[in-house]
Amino acid sequence: LKREIYNGNIIIADITPIKGDSLTRDRALKDLKQVALDVSGDIAMINDNQVVVTPMSIKIDRTKFTSK
């Protein structure tokens with residue numbers, strides 16, 4: 001995954017397999033955060049099971065839209 005981010009690709013990772021192992025999950029998320037920092041990208045949780053990491057110049061809009 002790291003190589004893909006360094007190559008400029010957007011990654012959506014399913015963390016369900018490691019969700020129960022907090023040590024592994026925290027380590028993986030920390031590594032992904034560091035990669036996002038290295039490439040001046042962005043990282044955000046989509047939901048409890050998915051994380052998105054973007055390369056440089058792509059920022060994640062965290063605004064939530066509500067229907068009226």
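Reader: Okay, which elements do the buried residues of helix 2 pack against?
Author: They pack against helix 1 (2-6), strand 2 (42-47) and strand 3 (50-54). Keep in mind that this is a predicted model.

Reader: And which residues of helix 2 are the buried ones?
Author: Leu29, Leu32, Val35 and Ala36. They cover an arc of only 120° around the axis, so they sit on the same side of helix 2.

Reader: What's on the other side of helix 2?
Author: Leu23, Arg27, Lys30 and Leu37 are there, and they are exposed.

Reader: How far apart are the end C-alpha atoms of helix 2, and what span should we expect?
Author: Helix 2 covers residues 22-38, which is 17 residues. At 1.5 Å a residue that should span 24 Å, and the end C-alpha atoms are 24 Å apart, so the two agree.

Reader: Can we zoom out? How many helices and strands does the protein chain have?
Author: Two helices and three strands. Going along the sequence, the pattern is α-β-α-β-β. The C-alpha atoms fill a box of roughly 40 × 30 × 15 Å along the principal axes.

Reader: How much of the chain counts as buried?
Author: 26% of the 68 residues. As for the surface, the chain exposes about 5,200 Å², and carbon and sulfur atoms supply 53% of that.

Reader: Which residues make up the largest nonpolar core?
Author: There are twelve in all: Ile5, Ile11, Ala13, Ile15, Leu29, Leu32, Val35, Ala36, Val39, Ile43, Val51 and Val53. Strand 1 (11-14), helix 2 and strand 3 are the elements that give two or more residues to this core.

Reader: Which element gives the most to this core?
Author: Helix 2, with four residues.

Reader: Val39 was on that core list too. What does Val39 touch?
Author: If you skip residues up to four places away in sequence, Val39 touches Ile5, Tyr6, Thr54, Pro55 and Met56.

Reader: Switching to strands. How do strand 1 and strand 3 pair?
Author: In the antiparallel sense, over four bridges. Ala13 stands opposite Val51 in strand 3, and Ile11 stands opposite Val53.

Reader: Which residues are on the covered face of strand 1?
Author: Ile11 and Ala13. The uncovered face has Ile12 and Asp14.

Reader: Is strand 3 mostly covered or uncovered?
Author: Mostly covered, as four of its five residues are buried.

Reader: How many bridges join strand 2 to strand 3?
Author: Five, and the two strands run antiparallel. Strand 2 and strand 3 form a hairpin, with two residues between them.

Reader: What about Asp48, where is that?
Author: Asp48 is in the loop between strand 2 and strand 3.

Reader: Why does Asp48 count as exposed?
Author: Because its relative accessibility is 59%, and exposed means over 50%.

Reader: Which residues is Asp48 in contact with, leaving aside its neighbours within four places in sequence?
Author: Ile15 and Lys19. Asp48 and Lys19 are 29 residues apart in sequence, but C-alpha to C-alpha they are 8.7 Å apart in space.

Reader: Last topic, backbone angles. What is phi of Ser40?
Author: It's near 55°, a positive value in a residue other than glycine.

Reader: Is Ser40 buried, partly exposed or exposed?
Author: Partly exposed, because its relative accessibility is 43%.

Reader: And what about Ser57, what's its phi?
Author: Ser57 has a positive phi of about 75°, although it is not a glycine. Ser57 lies in the segment after strand 3, and at 69% relative accessibility it counts as exposed.

Reader: Great, thanks!

Conventions
Residues are numbered from 1 along each chain as its sequence is written. This is a predicted model: local features need pLDDT of at least 70, side-chain atom pairs count only at pLDDT 80 or more; totals for chains, interfaces and linings use all residues. Side-chain values use heavy atoms; hydrogens and water are left out. The expected span of a helix is 1.5 Å times one less than its number of residues. Buried means under 20% relative accessible area, exposed over 50%, partly exposed in between (1.4 Å probe, protein chains only). The arc is that of the directions from the helix axis to the C-beta atoms. Contact means heavy atoms within 4.5 Å. A nonpolar core is a set of buried Ala, Val, Leu, Ile, Met, Phe, Trp, Tyr and Cys residues joined through side-chain atoms within 4.5 Å. Accessible areas come from the Shrake-Rupley method with a 1.4 Å probe; for residues, only the protein chains shown count as cover. Two strands pair if DSSP finds at least two bridges between them.
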